[in-house]
Amino acid sequence: MIEIQYSSEVQAAKAEGRAIVALESTIITHGMPYPQNVEVAAQVEQDIREAGAVPATMAVMNGVLHVGLDPDQLQSLGQAKGVAKISRADMPACIATGSTGATTVAATMIAARLAGIGVFATGGIGGVHKGAETTFDISADLMELAQTPVTVVAAGAKAILDLPKTLEVLETQGVPVIAYGQDSFPAFWSAQSDLKAPLRMDDPAQIARAHATRQAMDLPGGQLIANPIPADAQIAAEDLAPVIAQAQSEADAQGVTGKDVTPFLLRRIFELTEGRSLTANIALVRNNARLAAKIAQELNKLTQ
Ligand code: PSU
Ligand code: MN
């Protein structure tokens, strides 16, 4: 086994059998600018505590997998320049070479499984990019959901992605996509989309039971819980469409490829909306953290 460094808070929660919610760190290093990234990360952790669970932010620091970061570690990760973005492919290399990296959704799911954590909250997952029919740009997050037993709470996927294709790949991979409290698949900045979600649940206990049932059936993989952004924090799709198109055409013109695509688009959308995209992003991540804390507590009741 590899070395895992638990924060004292997570260590105590494990010993007491309390519910724990995993959090990613790429959203901190590559998803939001400093200092809001650190403020939001701390706020989201606090939301999870207030909802009755314990937060475990994941990162690899100097080759050690951290499950839970203390405030100093969060601060230094949030300020650091040039931190690697690590997904499934990069994570073992990062650990083996003693490097520092922030975990994507895929890598956070792997870390959660290693730490025995079943529920994870984030903003949006990676998916199938627009133009994937020529670029083949499909996030490793989707294949991770098919093989690692973690329930991921996200606000759907961003309109920087091709949402119908993202849903098709999730279906092919056998990943349950469950909209929370509504029929349509939420589209990150908008609570509703014109896509019907494959499944719907209205109750955290049901979601926990579905997770436990998957495990009892020995099916690998997790679940995607698509939790709509709170109505008062939405940004109209028609306001964002031209911004996304501009960001995408700049990425194409500058030849941005591979793991740089998503951070490039997120940064340009933040700049082009003069921070409006960030305000919405914060509201939805906090909302996801609160739902994940409820699901984690329900799952705990089933497994204790
Ligand atoms: N989508 C967002 N915000 C994010 C990300 C995606 O709305 O911060 C981050 C997550 O860490 C996700 C990663 O796992 O980007 C996906 O990157 P890629 O498309 O390169 O797989
Ligand atoms: Mn990609």
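Me: How do I read the way H3 and H13 pack, and at what angle do their axes cross?

Reply: Start with the general idea. Two packed helices are described by the angle between their axes and the distance between the axes. Now the case here, keeping in mind that this is a predicted model. Helix H3 covers residues 36–50 and helix H13 covers residues 276–303. Their axes come within 8 Å and cross at roughly 25 degrees. Angles under 35 degrees count as roughly parallel, so H3 is roughly parallel to H13. The crossing of H3 and H13 is also right-handed.

Me: Which residues in H3 and H13 meet?

Reply: On the H3 side, look for Gln36, Val40, Gln43, Val44, Asp47 and Ile48. They meet Leu278, Ile282, Val285, Arg286, Ala289, Arg290 and Ala293 in H13. Sort that contact by class and you get 8 nonpolar, 2 polar and 3 charged residues.

Me: What about H3 and H4: how far apart are their axes?

Reply: Helix H4 spans residues 71–79, and its axis is 9 Å from that of H3, with a packing angle of about 145 degrees. H3 passes H4 in a right-handed crossing. Here Asn37, Val38, Ala41, Ala42 and Glu45 of H3 meet Leu74, Gln75 and Gly78 of H4. By class, that contact has 4 nonpolar, 3 polar and 1 charged residues.

Me: Let me try a pair further along. At what angle do H11 and H12 cross?

Reply: Go to helix H11 (residues 237–253) and helix H12 (residues 261–272): their axes come within 9 Å and cross at roughly 135 degrees. That angle makes H11 oblique to H12. H11 passes H12 in a right-handed crossing. From H11, the contact uses Leu240, Val243, Ile244, Gln246, Ala247, Gln248, Glu250 and Ala251, while H12 brings Phe264, Leu265, Arg268, Ile269 and Leu272. The class count for H11 with H12 is 9 nonpolar, 2 polar and 2 charged residues.

Me: Okay, on to the ligand. How many residues surround ligand 1?

Reply: A handy way in is to list the neighbours, then look at pairs of atoms. Ligand 1 is surrounded by 16 residues, and the closest are Glu24, Lys85, Ser139, Lys158 and Thr262. For Ser139, an N or O atom in the side chain is 2.7 Å from an oxygen atom of ligand 1. The side chain of Lys158 has an N or O atom 2.6 Å from a ligand 1 oxygen atom. Check the backbone too: an N or O atom there in Val105 lies 2.8 Å from an oxygen atom of ligand 1.

Me: Now the backbone itself. Is the peptide bond joining Tyr34 and Pro35 cis or trans?

Reply: The angle to look at is omega. Between Tyr34 and Pro35 it is about 5 degrees, and the bond is cis. You'll find Pro35 in the loop between helix H2 (26–29) and H3.

Me: And is the phi of Asn62 positive or negative?

Reply: Phi is another backbone angle to check. For Asn62 it is positive, about 50 degrees, although this residue is not a glycine. Asn62 is in the loop between strand E3 (54–61) and strand E4 (64–67).

Methods:
Residues are numbered from 1 along each chain as its sequence is written. Chains are lettered from A and ligands numbered from 1 in the order in which they are written. This is a predicted model: local features need pLDDT of at least 70, side-chain atom pairs count only at pLDDT 80 or more; totals for chains, interfaces and linings use all residues. Side-chain values use heavy atoms; hydrogens and water are left out. Axes are lines fitted to C-alpha atoms, for helices over the stretch in contact, and angles run from 0 to 180 degrees between N-to-C directions. Helices (H or I, at least four residues) and strands (E, at least two) are DSSP runs, numbered from the N terminus. Angles under 35 degrees count as roughly parallel, over 145 as roughly antiparallel, 65 to 115 as roughly perpendicular and the rest as oblique. A crossing is left-handed if the near helix is turned anticlockwise from the far one by less than a right angle, and right-handed if clockwise. Contact means heavy atoms within 4.5 Å. Ala, Val, Leu, Ile, Met, Phe, Trp, Tyr, Cys and Pro count as nonpolar, Asp, Glu, Lys and Arg as charged, and the others, Gly among them, as polar. A residue is near a molecule or strand if one of its heavy atoms lies within 4 Å of it. A polar contact is a pair of N or O atoms within 3.5 Å; within protein, one must be able to donate a hydrogen and the other to accept it, and residues adjacent in sequence count only if both atoms are side-chain atoms.
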